[in-house]
Amino acid sequence: MNRLSRTKASIINSSVATVAEGIQLIVQFVARSVFIHTLGSEYLGLNGLFLNVLGYLSFAELGIGSAITFSLYRPLNKRDMVQVSAILRLFKRLYQYIAVVVLIVGLLVTPLVPHLIGGGTSGINVDIRIAFILALLNTVFSYFTTYKRTLLIADQRGYVNTINTVGYNIAGQLLQIVQLLIWKNFYVYLILQILMMLASNIRIAIVVDRLYPNISIKSAPRVDEKVVNYLKKNITGMVSSKIGGILVTGTDNLLLSYYVGLVAVGMYSNYVMIVNGLTLLINQLISAVSSSVGSLGASGATSKHQEKVFYQYFMVTTLICMFMVVGFTGFASAFVKIWISSKVIYGFLPLTVIAINFFLQGLRQSLINYANAYGLYWYERWKSIFEALINFLISWYLVKYTALSISGILIGTISSNLLVNYLWESHIVLKYGLHVPEKRFLILYAAMIFSGSTVIVGTSTVVHFFAGSSLIRGIVISCIAEIISLLCFELVNVLFYPKKIERFSLIQIVKTTLLRI
């Protein structure tokens, strides 16, 4: 099997993933528009609630996938396919157990799902329990070929999995659009998701078996004792991290659904879909190189070289994120008006906090990807608990005792990012992963947070007072804001980028990359 260099693999993975996600994003917006106009906001909120409840059930996964991905880097780097087969066999068995646990727990909580909805269900004409079971089955089936998808990602061939996943997602969404226009049936909508998941699983299994004929899971030996000890330690560390992560990501819609109602969840989910679409593009650009980062860490490269790569990765991530978020802030209101209606446009404060939260989550991705690539799960075991606690307490208090609604919930998320993640995640990656000083990075990180947030607030203010939902004005404001954000980024780069590390230059990185292709 021919292997790609880290640079070429990163470029191919990022390029394919970005193009594929871009196409999928367009289809998603069309599908969402049809969904809203055929079924309504109540069903949109119900679907969002299902996703959040299922997100909690994914706790059963315990982060095993991330831990095993890291354990595959070294044997793949050495082309030890016997040990790779052994790890995959263990991975397959664990995920079969997980699928059964998720199914059983999901069936147990099914009777409770209708009680999570505030404001009544007068606009819902389906049995919520049956609909939830269908959504549950889609999640359960997703576990059965995870081990094969993980092999592709760890071996820097994530583009193969991306093409498969996105291709079947688009096919499923097109079928959903057709059936919504003809039958307007929520049950059929969910059943089509299940069928596409099964088809995707079958196809990826065939592709992986063809690409790796020398891997035999049935006859694989036991996993090396060092790998087993590593998995035990890091899965233990991932339990608390998984709990915290699920609480943080799943709390928002549940609080909105309980205290405000499904319509509020549906309105918020429109903006979330835009943010998630842009986040997917960002993640495909930067996360596709995670396997290359993990391979670099396993190769024994010098600490100085790894630190240089980390800072460059952080800067590129920040630049991409800032560009996306500022564009979102200037253009979101006009887009939502054209896409759906002027009745579901957010004002200054909700738009601002959504954008700032989007920005902070984007900045974290470089640290999260490094923590995953270097297998630093043990050191994260308490971080997410504190993050979830702060997020929930502030969000709950503000949504219950103030009129801030979604703004209050997101202020809680922003607070947990600034009070916990900013320091803790930086400490984990720089001390335990790279073994380099932390202070200079924290100064650079803080400067990027301040400059980016300032541009976001300024852009949102101009949109509120001068643009409203005007398409032309939104485009003009976005273009001007992008120029200002680039100037701010370069100013921070000049003033706060560590002097002892080779100066960051995007132009130089592009030139070097092209020469290596």
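## How α5 sits against α8

In this predicted model, helix α5 (residues 128-141) packs on helix α8 (residues 186-211) at an angle of about 10°, and their axes are 9 Å apart. That makes α5 roughly parallel to α8 (angles under 35 degrees get that label). Axes here are lines fitted to C-alpha atoms over the stretch in contact, with angles from 0 to 180 degrees between N-to-C directions. Helices are DSSP runs of H or I, at least four residues long, numbered from the N terminus.

On the α5 side, I130, A131, L134, L137, N138 and F141 do the touching, and their partners in α8 include F186, Y187, L190, I191 and M197 (contact means heavy atoms within 4.5 Å). The residues of this contact split into twelve nonpolar, three polar and no charged; Ala, Val, Leu, Ile, Met, Phe, Trp, Tyr, Cys and Pro count as nonpolar, Asp, Glu, Lys and Arg as charged, and the others, Gly among them, as polar.

Mean pLDDT, the predictor's confidence in each residue on a 0 to 100 scale, is 85 for the protein, with 87% of residues at 70 or more. Among the elements, α8 has the highest mean (96) and helix α18 (residues 506-516) the lowest (58). Where pLDDT is low, the predicted coordinates should not be read in detail.

Residues are numbered from 1 along each chain as its sequence is written. Local features need pLDDT of at least 70 and side-chain atom pairs 80 or more, while totals for chains, interfaces and linings use all residues, and side-chain values use heavy atoms, leaving out hydrogens and water.

## Aromatic pairs

Rings of Phe, Tyr and Trp (its six-membered ring) pair if their centres lie within 6.5 Å; planes under 30 degrees apart are stacked, over 60 edge-to-face, and the rest tilted. By this rule there are 31 aromatic pairs. Take Y311 and F441: their ring centres are 5.9 Å apart and their planes at 75°, so the pair is edge-to-face. It links helix α12 to helix α16 (residues 439-467), across 130 residues of chain. Both Y311 and F441 are buried (under 20% relative accessible area; exposed is over 50%, partly exposed in between, with a 1.4 Å probe and protein chains only).

Y313 and Y370 make a tilted pair, with centres 5.6 Å apart and planes at 50°. Y313 is buried at 10% relative accessibility, and Y370 at 1%.

K337 is in helix α12 (residues 303-339) and is partly exposed, at 40% relative accessible area. Its C-alpha atom is separated by 6.5 Å from that of S469, 132 residues apart along the chain.

Notes: Helices (H or I, at least four residues) and strands (E, at least two) are DSSP runs, numbered from the N terminus. Angles under 35 degrees count as roughly parallel, over 145 as roughly antiparallel, 65 to 115 as roughly perpendicular and the rest as oblique.
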